Amino acid sequence: MSSSKSFNSSYIIGISFISALGGYLFGFDFAVISGALPFLRTQFALTPVWEGFLTGSLALGCIVGCLLAGNIADKYGRKPGLIIAALIFAVSSIGIAFSASLTYFLILRFGAGIGVGMASMLCPMYIAEVSPAEVRGRNVAINQLTVVIGILVTNLVNYFLADHGADSWRWMFGLGAVPSAIFLIGVTWLPESPRWLMKSGQPDKARVILNKIGSPDFAESTFKAVEKSLIGATKQSYAMVFEKAVRPAVVVGITLAVFQQFCGINVVFNYTSTIFESVGANLNRQLFETVAIGVVNLVFTLLAMWQVDKLGRRPLMLWGSLGLSVLYIILAFLLQNHFPAGLVSIFVLLAISTYAISLAPVTWVLISEIFPNKIRGVASSVAIVSLWGAYFILVFTFPILAKILGAYGPFYLYAGICFAGFLFVKAKVKETKGQTLEELEDNLIRH
């Protein structure tokens, strides 16, 4: 890009990080269950079915949250949706800490899922809409970075709280109110998405924000491109998502969202204790493994942020899906034959690193950028609802499958799914790096 169309990097990164604090809370709610499960099994006398449902109840809330976020984001803007998500996070964290029964816990965990679902859709979409094409992949990956920081910090806190008695799980959940409050304060400072402002008939406000994001030439060229993309736009509805012109992009978005979950890695995050218990690891070792997973996840997410705008989305997705397929076969063999926990740990961490540099961030980047401006809100909602539906199925079925087949059995299934995902990406996913959202709309939809 020429200097005449330069952009304000520090401002863009600042608002991207603030928005991405929603990702931190996503990571917190996602990871806290792993450390709490050994205590919750005793507290609520969980069977495999109830353990799966308790873990997956977050995903059911996420589905509702995505549907709410899609409507709120299109009607009132991205910023109000982020504020509501922050409030839900704070209230649910405190409520879960005081749960007196399994029913009460499940209702509040479902409520927390509404906040996670809203943030999982709104944060990447907001960042994509305020970021220039040259750095959009990296900036959307900031959201994944804060997710993995949330996972790591939560796992560390869980590890140190685990020795504080049977009620340790209450502190694990209750401490989520702290980052929720920080996120809420930060969101009040964010500008509204200029693309949403233009779509809602507020072009003057959009120009002001675009001029903060970049130079006058950058602001003007972006304004004209967005204006052109919105010609003929009407009120969004879910029926528009399935129109013939946009159907290929929607099919790709939904399939990638479902694949990111059915690839199986989230059973490693959520059921670390179950996997390592199957090879004889004690509780302290199980919780230590969650910390190791968090560290590796963070390191390779940073690598993904560095490479996603250089190598591109498609090569990372191809490499990641094929690599996971091979690693799962090896991991299943090790678990099946009761190899030592140390060796199992190596291949668990290799699988985590492969996922963290490929499917984890790149799926969110693609979902945030492949849909046209006029349906981005509802199309993103449909894709991410599909993602959370797949997540629920994954985490609900794992304890049941592990009881029937052994902890190793499901990993053979996940290996097959990853290979099928590799074939789909190879056949259907096009490269998107370096193109503006409007150029992508023109290239992927109109042609």
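**Talking through the model**

Mentor: This is a predicted model, and the protein averages a pLDDT of 86, with 96% of the residues scoring at least 70.

Trainee: Okay, which elements have the lowest and the highest mean pLDDT?
Mentor: Helix 20, residues 437-446, has the lowest at 66. The highest belongs to helix 19, residues 409-428, at 95.

Trainee: And how many helices and strands does the protein have?
Mentor: There are 20 helices and zero strands. The radius of gyration is 21 Å, close to the 22 Å that the globule rule gives for 447 residues, so the protein is as compact as a globular protein of that length.

Trainee: What share of the residues is buried?
Mentor: Buried residues make up 61% of the 447. As for contacts between residues at least 6 apart in sequence, 85% of them join residues at least 24 apart.

Trainee: What about the largest nonpolar core, how many residues does it have?
Mentor: It has 152 residues, and Leu40, Leu54, Ile265, Trp388 and Phe411 have the most contacts inside it.

Trainee: Take Ile265, then. What is it in contact with, leaving aside neighbours within four places in sequence?
Mentor: Ile265 is in contact with Leu324, Tyr328, Ala351, Ile352 and Tyr355.

Trainee: Switching topic: is Glu51 buried or exposed?
Mentor: Glu51 counts as buried because its relative accessible area is 8%, under the 20% cut-off. Glu51 sits in helix 2, residues 48-75.

Trainee: Which side chain does the Glu51 side chain make a polar contact with?
Mentor: That of Arg41, at 3.1 Å. Beyond residues up to four places away in sequence, Glu51 touches Leu37, Arg41, Leu46, Tyr271 and Thr274.

Trainee: Now helix 3. How far apart are its end C-alpha atoms?
Mentor: They are 29 Å apart. At 1.5 Å a residue, the 20 residues of helix 3 (78-97) should span 28 Å, so the two values agree.

Trainee: Which residues of helix 3 are buried?
Mentor: Among them are Leu82, Ala85, Ala86 and Phe89. What covers the buried residues of helix 3 includes helix 1, helix 2 and helix 4.

Trainee: Speaking of helix 4, is Gly117 buried or exposed?
Mentor: Gly117, which is found in helix 4, counts as buried because its relative accessibility is 0%. Leaving aside neighbours within four places in sequence, Gly117 is in contact with Cys62, Gly65, Cys66 and Trp388. That Trp388 is one of the residues with the most contacts inside the largest nonpolar core.

Notes
Residues are numbered from 1 along each chain as its sequence is written. This is a predicted model: local features need pLDDT of at least 70, side-chain atom pairs count only at pLDDT 80 or more; totals for chains, interfaces and linings use all residues. Side-chain values use heavy atoms; hydrogens and water are left out. Helices (H or I, at least four residues) and strands (E, at least two) are DSSP runs, numbered from the N terminus. Buried means under 20% relative accessible area, exposed over 50%, partly exposed in between (1.4 Å probe, protein chains only). A polar contact is a pair of N or O atoms within 3.5 Å; within protein, one must be able to donate a hydrogen and the other to accept it, and residues adjacent in sequence count only if both atoms are side-chain atoms. Contact means heavy atoms within 4.5 Å. pLDDT is the predictor's confidence in each residue, from 0 to 100. A nonpolar core is a set of buried Ala, Val, Leu, Ile, Met, Phe, Trp, Tyr and Cys residues joined through side-chain atoms within 4.5 Å. The expected span of a helix is 1.5 Å times one less than its number of residues. The radius of gyration is taken over C-alpha atoms; the globule rule is 2.2 Å times the number of residues to the power 0.38.
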